[in-house]
Amino acid sequence: MLTSVDTELLKVLADPLRLQIVTLLARETLCTTHLVEETGARQTNLSNHLKVLREAGVVETEPCGRFTYYRLKPEVLDTLAGQFTALAETTRANADTKRSCP
């Protein structure tokens, strides 16, 4: 079963703009300016979403002059993927298990 921490991570990734940001960062490290161009989101809105992703441990920052670059942390997604894989394995192992009705 998923833990509450995993549920929180799923909530973070469930937002369409945050998922778009994660998808873009999977391809390359980007600064806020690039992310504004790619998503069409307002800079303040994007910064708020990036803060949520940082606090959830999904992205990390790298200062570069007056810009801040964002990098996806793949190990977070690996952990989540592993938990879904384990859930799928449990489902397969218990495919024939059925609780009787009273």
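We'll take the whole chain to begin with, then stop at two residues.

**The whole chain.** Keep in mind that this is a predicted model. Walking from the N terminus, the order is α-α-β-α-α-β-β-α. The radius of gyration is 18 Å, well over the 13 Å that the globule rule gives for 102 residues, so the chain is more spread out than a compact globule.

**Surface on.** The chain exposes about 7200 Å², with carbon and sulfur atoms supplying 53% of that. Of the 102 residues, 26% count as buried. If you colour by charge, there are 12 positive and 13 negative ones, and their mean positions sit 6 Å apart.

**Select His 49.** You're now in helix α4, which covers residues 43-55. Is His 49 buried or exposed? It is buried, because its relative accessible area is 11%, below the 20% cut-off. Show what it touches beyond four places in sequence: Asp 15, Leu 17, Arg 18 and Ile 21.

**Now Val 58.** Move on to the loop between α4 and β2 (59-64), where Val 58 lies. Its relative accessibility is 0%, so Val 58 counts as buried. Leaving out neighbours within four places, its contacts include Leu 9, Leu 13, Leu 53, Arg 71 and Val 76. Val 22 is another contact; draw a distance between the C-alpha atoms of Val 58 and Val 22 and you get 8.2 Å, across 36 residues of chain.

Note on methods. Residues are numbered from 1 along each chain as its sequence is written. This is a predicted model: local features need pLDDT of at least 70, side-chain atom pairs count only at pLDDT 80 or more; totals for chains, interfaces and linings use all residues. Side-chain values use heavy atoms; hydrogens and water are left out. Helices (H or I, at least four residues) and strands (E, at least two) are DSSP runs, numbered from the N terminus. Buried means under 20% relative accessible area, exposed over 50%, partly exposed in between (1.4 Å probe, protein chains only). Contact means heavy atoms within 4.5 Å. The radius of gyration is taken over C-alpha atoms; the globule rule is 2.2 Å times the number of residues to the power 0.38. Accessible areas come from the Shrake-Rupley method with a 1.4 Å probe; for residues, only the protein chains shown count as cover. Lys and Arg count as positive and Asp and Glu as negative; His and the chain ends are not counted. The place of a charge is taken as NZ of Lys, CZ of Arg, CG of Asp or CD of Glu.
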